Every structure is written in structure tokens, then in C-alpha cells.
Amino acid sequence: DEREINDNVEGYDVLNDTYKQLRDDGYSLALSLRNRDLLLDSSFYLNFDFFVVGSSMVGEIKQNTRSRLSVHVLIEQLLKYNKPIIATDLDGWQAIELLIQSGITVISSENITASNDMILPVDKKKMERLTALADKYN
């Protein structure tokens with residue numbers, strides 16, 4: 001988690017070395033983001049294979065334009081690292097559309113399909129809506 005790293009790490013050298021060793025050992029690393037501002041040194045984000053943004057990042061987008069703009073800025077900053085961004089636990093189609101519009105293509109939401117241990121098919125109407133959004137913005 002980005003916030004935990006920011007709060008608990010004095011220098012990045014030891015952590016960078018540890019993450020490099022993990023990647024050399026074949027592990028993929030993801031960084032969970034809970035803040036709309038990138039908190040760490042920009043070179044530190046290169047250690048990760050994925051970025052995960054959750055509902056706390058986009059929870060207020062219904063309320064104001066400033067929140068939507070800050071989410072767009074964050075996504076643009078993350079896209080510069082050329083790593084997949086995974087959006088999870090999105091609440092509502094407005095949040096889903098905003099993130100697809102921002103360039104995120106890996107999305108999880110109860111609005112798309114309910115959580116389940118098994119892989120379930122997506123409702124045809126929802127799939128058509130997602131496809132239309134992807135076609136519109138990508």
C-alpha cells in the first residue's frame with residue numbers, strides 16, 4: 001500500500017533492492033493506491049508491475065468536477081509508467097465510465113457482476129454497455 005510505504009519508509013534504497021530481488025525471483029508486484037496524489041519518489045513506481053486503485057479513489061466523483069479532475073490527473077500520471085491499472089470495487093456506472101474514459105481497461109464492480117469465487121458470465125446488456133464505453137473512449 002502506497003500510504004503505508006510513505007508513512008513507514010525513511011529511504012527507498014533498501015526497499016528498491018528488495019523489490020528488485022522479488023521481481024528477479026519471478027514475482028509480480030502490485031501497488032495499492034488510496035490517495036489521489038502520488039506520494040512516493042517517481043522512480044519507486046517503476047518497481048511495480050500493476051497499480052490497483054479502489055473505490056476510495058473515485059468515491060466522490062458524483063459530487064463534484066474537482067474530484068473527477070483529480071482522478072483524471074492521477075490516472076494520467078500512472079499511465080506514464082506503462083503498467084496496467086486495475087480499478088476495483090467501483091460503485092456505479094459513473095465511476096466505471098470515468099475510469100474507462102481515463103484509459104483503464106481492467107475494472108471490477110458489483111455493477112458489472114456480483115462477486116463470486118467462480119468466474120461467472122457477464123450479463124449481455126452490461127457487456128454491450130462496457131463494449132460501447134470502451135469503443136467510445138479508446
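Author: Before we start: two strands pair if DSSP finds at least two bridges between them. Helices (H or I, at least four residues) and strands (E, at least two) are DSSP runs, numbered from the N terminus. What you see is a predicted model, where local features need pLDDT of at least 70 and side-chain atom pairs need 80 or more, while totals for chains, interfaces and linings use all residues. Residues are numbered from 1 along each chain as its sequence is written, and side-chain values use heavy atoms, leaving out hydrogens and water.

Reader: Got it. How many helices and strands does the protein have?

Author: There are 6 helices and 4 strands. Going along the sequence, the pattern reads α-α-β-β-α-α-β-α-β-α. The C-alpha trace spans about 50 × 35 × 25 Å along its principal axes.

Reader: In what order do the strands sit in the sheet?

Author: The order is S1-S2-S3-S4, in an open sheet of 4 strands with parallel pairing. S1 (30-33) and S4 (106-109) are the edge strands, and each has a single partner, so one side of each lacks a neighbour in the sheet.

Reader: And how many bridges join S1 and S2?

Author: S1 and S2 are paired in parallel over 4 bridges.

Reader: What does Val 53 partner with in S3?

Author: That would be Ala 87. S2 and S3 run parallel and are joined by 3 bridges.

Reader: OK, new topic. What share of the protein's residues count as buried?

Author: Of the 138 residues, 33% do. Buried here is under 20% relative accessible area, exposed is over 50%, and partly exposed is in between (1.4 Å probe, protein chains only).

Reader: How many residues of H5 are buried?

Author: In H5 (residues 93-102), 7 of the 10 are buried, so the helix is largely enclosed by the rest of the structure. Those residues are Trp 93, Ala 95, Ile 96, Leu 98, Leu 99, Ile 100 and Ser 102.

Reader: What follows H5?

Author: Gly 103 does, with a positive phi near 115°.

Reader: Which residue other than glycine has a positive phi near 55°?

Author: Asn 82 is one, with its phi near 55°. You'll find Asn 82 in the loop between H4 and S3, and it is exposed, at a relative accessible area of 69%. Asp 89 has a positive phi of about 55° too, and is not a glycine either. Asp 89 sits in strand S3 and counts as exposed, with 53% relative accessibility.

Reader: Where in the chain do Tyr 45 and Tyr 81 lie?

Author: In distant parts, 36 residues apart: Tyr 45 is in the loop between S1 and S2, and Tyr 81 is in the loop between helix H4 (65-79) and S3.

Reader: Is Tyr 45 buried or exposed?

Author: Tyr 45 is buried, with a relative accessible area of 0%. Tyr 81 is buried as well, at 15%.

Reader: Which residues form an aromatic cluster?

Author: Tyr 19, Phe 44 and Phe 48 form one.

Reader: Last one: where does Glu 128 lie?

Author: Glu 128 is in helix H6. It is partly exposed, at 45% relative accessible area. From Glu 128 to Val 106 you go 22 residues in sequence and 16 Å in space, C-alpha to C-alpha.

Technical notes:
Rings of Phe, Tyr and Trp (its six-membered ring) pair if their centres lie within 6.5 Å; planes under 30 degrees apart count as stacked, over 60 as edge-to-face and the rest as tilted.
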